[in-house]
Amino acid sequence: MLNEKNIKSFIASGEGYNIEFKVSIPSKIKDVTEEICAFANAAGGTLLLGVNDNNVVQGVTFNNAKRSALQNSINEISPALHCKIYTVTVDSKDVVVIEVPSGENKPYVLSGAIYVRQGPNSQKLTTVEEMRDFFQQADKIYFDEAPCKAIDIDQDVPDNNINQFRVLAGLGATVSNEQVFNNLKLITKEGFLKNGATLFFAENPEHFFEKAVIRCIAFDGIYKRFIEDDKIMIGSLYNQYLQAMSWLKKKLDVRYDIEGEGSQPRKEIWEIPETVFKEAIINALAHRDYYDKGARITIEVFNDRVEISNPGGLISGIPKNEFGKRSLSRNPLIFGLFERIRMVEQVGSGIGRMRDLMIEADLTEPEFNTEGMFTVTVRRPFDFNKWVDKWVDNLTDNRVNIIKAIHENSKVSKRELEDKVGLSATAIDNNLDALKDLGLIERVGSAKGGHWQINYILP
């Protein structure tokens, strides 16, 4: 059982993947039971009733009637789940503690629905695809929740990595390193550090997971023929992110806004918004399929684009029509740790934020391939009119206009091209075929769901 000191440590750590606060006991007691069910279907967790979202103890009244109502609601979870429920006085106020184990008989169902923990939130599975994906996962523990039996915490986890996390997560000095690991449930009940914690805190996690690295490659041109630079980023996941961002900064055009000179640092303005890369790289680190031992995350820089890929396509629990609107994670513990250090924000909002940033910068929207390897492609800016001028003598006006229309919208349809260029369907097809023969454009994906790609080569 937790005591007052333990609970204050939880409160200082804040909400997360394994910890949930509620300021009061809701009149709809099922709201609490849904959280309990979600914890049981994940790695377990602790609910504190009587603590608000600002980590302040408000206290609650927990009489026999409320205890009975809560227990009756928990009894509706199937299969049966045993939770520890008790009251602890914190700063003269009562806090109800509900300790939820990681269930051994997943999935746990409440009122015919399955609830799962995603980062700091609980989510109800509503589609057949989501449930199918969960049942597939229920028979094997999440990769990041499995024990890493080869690691020696004292030798392989340096204090500077833990201290770095503490600073980024805003954890005070009153919480010990051991308590941080216990609060975040980074250690299995057998005493082994979990895989996700190894990736996040070990000095050299690649010693235990060889392909858990980022390979950064710069090519000369738009094809994978001539390699200019090839580096492997190793270390903790956060340090891999920092190294990759530093490498990208050297490969891309970065200018500075000098208006902030003086006491203010100069503002860096990347040719592609820096936050786009932050979102893409963190997404790759948090959601890649670490069970795939044959592939790595790759960042590839070409003259016309940057591609960021990670093993594992779109999780089956996310319908394609909801891609970018919601999120499920293959690695909820890793996702939760990134959320702790404020590297991920609202669940499912990253894709939309990347699109918005590219549009605001007057750049082409990012392209996403969700089959097999999950790949994000962002187009680099360039002087399109100057490029077209190089081809004017070799192209008809109609073909120049078609290329301009594709440059403005890579998903432009043939019907839209007919209206924009003023040609018949047959004429559009003939001109598209001619542009393909010249090597200037190609079709990526299906006729209905794919997009056009311009090959920015000079004559």
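Asn195 lies in helix H8 (residues 195–201); helices (H or I, at least four residues) and strands (E, at least two) are DSSP runs, numbered from the N terminus. The model is predicted: local features need pLDDT of at least 70, side-chain atom pairs count only at pLDDT 80 or more, and totals for chains, interfaces and linings use all residues. Residues are numbered from 1 along each chain as its sequence is written, and side-chain values use heavy atoms, with hydrogens and water left out.

- Asn195 is buried, with a relative accessible area of 5%; buried means under 20% relative accessible area, exposed over 50%, and partly exposed in between (1.4 Å probe, protein chains only).
- The side chain of Asn195 reaches the backbone oxygen of Phe143 at 2.9 Å.
- Not counting residues up to four places away in sequence, Asn195 touches Phe143, Asp144, Ala146, Pro147, Cys148 and Phe209, where contact means heavy atoms within 4.5 Å.

- Asn161, Ile162, Phe165, Arg166 and Ala169 are the buried residues named in helix H6 (residues 159–169).
- They cover an arc of only 140° around the axis, which puts them on the same side of H6; the arc is that of the directions from the helix axis to the C-beta atoms.
- An α-helix has 3.6 residues a turn, so residues three or four places apart point the same way.
- Asp159 and Val167 are exposed on the other side of H6.
- The cover over the buried residues of H6 includes H7, H8, helix H9 (237–251) and helix H11 (332–340).
- Gly170 follows H6 and has a positive phi, near 70°.

**Val180 in helix H7**

- Helix H7 (residues 177–183) contains Val180, which is buried, with a relative accessible area of 1%.
- Val180 touches Phe165, Arg166, Leu171 and Val175, residues up to four places away in sequence being left out of the count.
- Val180 and Ala12 are 168 residues apart in sequence and 9.8 Å apart in space, C-alpha to C-alpha.

**The sheet of 6 strands**

- This open sheet of 6 strands has the order E10-E9-E13-E14-E16-E15, with mixed pairing; two strands pair if DSSP finds at least two bridges between them.
- Its edge strands are E10 (227–233) and E15 (367–369), each of which pairs on one side only.
- The twist averages 15° from one strand to the next; axes are lines fitted to C-alpha atoms, for helices over the stretch in contact, and angles run from 0 to 180 degrees between N-to-C directions.
- Helix H10 (residues 274–287) packs on the sheet and touches strands E9 (214–219), E13 (297–301), E14 (305–311) and E16, and its direction makes about 15° with that of E14.
- In strand E9, 5 of its 6 residues are buried.
- E9 is joined to E10 by 6 bridges, and the two run antiparallel; Ile214 stands opposite Met233 in E10.
- E9 also pairs with E13 in the parallel sense over 5 bridges, and Glu300 in E13 is the bridge partner of Ile217.
- E15 and strand E16 (residues 373–379) run antiparallel, joined by 3 bridges, with Thr377 in E16 as the bridge partner of Glu367.

**The sheet of 4 strands**

- An open sheet of 4 strands has the order E1-E2-E5-E4, again with mixed pairing.
- Strands E1 (19–22) and E4 (84–90) stand at the edges, each with a single partner strand, so one side of each is left without a neighbour in the sheet.
- On average, neighbouring strands of this sheet are turned by 20° against each other, direction ignored.
- E1 and strand E2 (residues 45–49) pair in the parallel sense over 4 bridges, and Leu49 in E2 is the bridge partner of Lys22.
- Helix H3 (residues 64–74) packs on the sheet, where it touches E4 and strand E5 (93–100), and its direction makes about 145° with that of E4.

**Helix H16**

- The buried residues named in H16 are Ile428, Asn431, Leu432, Ala434 and Leu435.
- They cover an arc of only 160° around the axis, which puts them on the same side of H16.
- Thr426 and Asp437 are exposed, on the face of H16 turned away from its buried side.
- The buried residues of H16 pack against helix H14 (397–408), helix H15 (414–421), strand E17 (441–444) and strand E18 (451–454).
- Gly439, with a positive phi near 80°, follows H16.

How values were computed:
Polar contact = N/O pair within 3.5 Å; in protein donor to acceptor, adjacent residues only side chain to side chain.
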